[in-house]
Amino acid sequence: MVFLSGPGPPRFTYQAGIFRGSASGDAAQGGGKKEVSAEVSRENSGQGKSRSVEDFELGEGEQGNGDDDEEDEGNGGEKKKKRKRFHRHTTAQIRQMEALFKESPHPDENQRLELSKRLGLHPRQVKFWFQNRRTQVKAIQERHENSLLKFEIEKLRDEIKALREIAKMTSCPLCGFPDNHVTGGEEQRLRIENSKLRAEVEGLRYINLSYSYESSSNLSLYPRESSDQENKSHLVTCSGGPRHEKSRILEVVNQSVEELSKMATMGEPLWIRSYETGREMLNYDEYVKEFPFQGSEASERKISLEASRESGTILVDLPWLVQSFMNMKQWKRLFPSLVTEAETIEVINNGEGDNKDGAILLIHAEIQMLTPMVPAREICFFRHCKQLNASSWAIIDVSIDELEDGISSTVVKCRKRPSGCVIEDKSNGHCKVTWVEHLECQKTTVHSLYRTIVNRGLAFSAKRWISSLQQQCEWLVFLVATNVPARNSSGVPTLAGKKSILKLGQRMTSSFRRAAGASSSNSWSKVSTKAGDDIRVASRENLNDNGEPLGMILSATTCAWFPLSHQALFDFLRDKQHRHEWDIMFKGSSAIRLVANLAKGKDRGNAVTCLAMEAGERKTWLLQDSSTNASESLVVYSLVEISAMESVIAGCDRNSIQILPSGFSIYPDGFECNPILITSGSEENGSGGSVLTVVLQILVSNSSSIKISAESVDSISNLVSCTLMSIKKSLQCQD
């Protein structure tokens, strides 16, 4: 609503598309109020003609564009104003003002004056057009944010309800008070067995699905030679859900190709860039208009919607990248921090050529954040590979089955609206990838520190997928590179030794990722401490993996918020000069020496290092793998045998080294700030805080039959608490 008032001319009120004018002189003469109806600017809905508020001001007696008001003497000395027809902006004028608005929503006086001369408008007309345009964009953003707030309110209500149910179940049946004692060894044993049984059930379920496919349809993992059966209708199911005809699948994927292409290329009004965060947001009003077949209401189905878009340059060629997306093992390796499980359930269409143009796969996947505080996500979807033109391909992911009502405590079921990426070949060994992620997820409870990250759609956003892909492709390039500067790589004389250390660091970090997440293979239990820290523990048996110590392994984790950017916190934790301040193994050491350092990415923080510590006669070597990108950072480390590490540096076999990693995962806290709005004084601390998750692992016993005792749980819980407290003390963040 815009109010224009002044001592002389009549006052106009802009309301619901009507300008109502009332002159004080008319009231004094006993005349009725005058109403003037006019069209409202329609720039948000299209590039049609619009009317500026300035036109109405200039029509009331001001000089503008040579259109002067004429006054005639009437009976009784009254002066009646004769208005000329209002001026309408042309399409060319609106187009030029829109172009300047995209570059500078707040033009200065010189820019407005220059534009008004070029368009033949009064400067105040240009000024009010920009003011109205900013108001319209802000209104659209507010509507979108209001819808998100409604979803968050529903989530909070569900969380409160779930917490009340949990509180009832965890109360002592005798006294009625909460039962918060430490889980005993027998209960830990039962949890481990339960995890094993759940994994066996999943395996049997997939075997049963594969058998049912072969017996009920002629779809299989391999093409059939019989041509007469290919004309029959094929039925496909996902995770025990309803079965679908092949014709229905082809119809959905073809619609999804068109939708993904538009979602990846269209700008405003479908995608709106937020002034506060600088991030693109999907305008759901325009989305439903553009794609009416996707118009199911999330609020009615008790789900949350997440939509994001991001683009970036990838240091690999197009054919290799397309083939990697269609191979589940390679796809999982491209996103090691995101994808924990990926399996091709069924091949609907094998496609043509090496790049499998037209291929359709039915995929079951599980994705996670590197913290047990956020539940993992389970997704079943169809993946379609399609060549758009000579230089671009599309990878489309879309789910057909509706979300189930049941909610697991460890895994959240999600459904993919048309998502994926458009890959453009740049003809120099590089690709431009535009990623669109559009999900429907069950509403579930999330730890308070990660609630903002999840509710704002940042936990599994397109930005995180692009950042992970860029980082992994850089690692592949540095693995075979021979021209890495000496300042970024030192202590390893041979190329074979360099590859051995980089792959050893990758194996160590992969082990950490498996242990640190909330995947269905992990069973975390919350324990109470005297300090009141939120600590969770999990135990697992290692029976046949020679890359880790054999026996019973106990893990513990906790998290905390820091008023530092995730990059600043990452630099502190990976710096060997500060390690003795928080690492109990390095306390009291006389010197920490750098044995080897190997870069694995363009960012200086992406590196694998080997550190040597001397404390009296005791000598210890530590292997550290650090990695960072725009969405997350990791610092993973483990003690290693000196003789075995020396052989790896020389290029010998790395598989004989047993590693039990611990480390940290760091995420931005979700309170983003537009880089344009960051002042020079705030650049040092970044655009917000960060959330740190500490994960420590210890070998309880070489025997897998031993029970986990309460003393072992207390020991590792105290170790995690002390480590976190030391980090806060060093960074002066104890409050």
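**Aromatic pairs in a predicted model**

Q: How many aromatic pairs does the count come to?
A: The model is predicted. Rings of Phe, Tyr and Trp pair if their centres lie within 6.5 Å. By this rule the count of aromatic pairs comes to 16.

Q: Is the pair of F325 and F335 stacked, tilted or edge-to-face, and why?
A: The ring centres of F325 and F335 are 6.2 Å apart, with the planes at 55°. Planes under 30 degrees apart count as stacked and over 60 as edge-to-face. At 55° the pair is therefore tilted.

Q: How many residues apart are F325 and F335?
A: F325 lies in helix α9, residues 318–325. F335 sits in the loop between α10 (328–334) and β12 (339–349). The pair links distant parts of the chain, and the separation is ten residues.

Q: Does F325 count as buried or exposed, and why?
A: Buried means under 20% relative accessible area. F325 has 1% relative accessibility, so F325 counts as buried.

Q: Is the pair of W582 and F664 stacked, tilted or edge-to-face, and why?
A: The centres of the W582 and F664 rings are 5.1 Å apart. Their planes stand at 80°, and over 60 counts as edge-to-face. The pair is therefore edge-to-face.

Q: Which strand holds F664?
A: W582 is in the loop between α14 (566–574) and β23 (591–599). F664 is 82 residues away, in strand β27.

Q: Which ring does the charged end of K416 sit over?
A: A charge over a ring needs NZ of Lys within 6 Å of the ring centre. The charged end of K416 is 5.7 Å from the centre of the ring of W465.

Definitions and conventions: Residues numbered from 1 in each chain as written. Predicted model: local features only at pLDDT ≥ 70, side-chain atom pairs only at ≥ 80, totals over all residues. Heavy atoms only, no water. Phe/Tyr/Trp six-rings, centres within 6.5 Å; stacked < 30°, edge-to-face > 60°. Helix = DSSP H or I, 4+ residues; strand = E, 2+ residues; numbered from the N terminus. Buried < 20%, exposed > 50% of the residue type's maximum accessible area, 1.4 Å probe, protein only. Lys NZ or Arg CZ within 6 Å of the ring centre and 35° of its normal.
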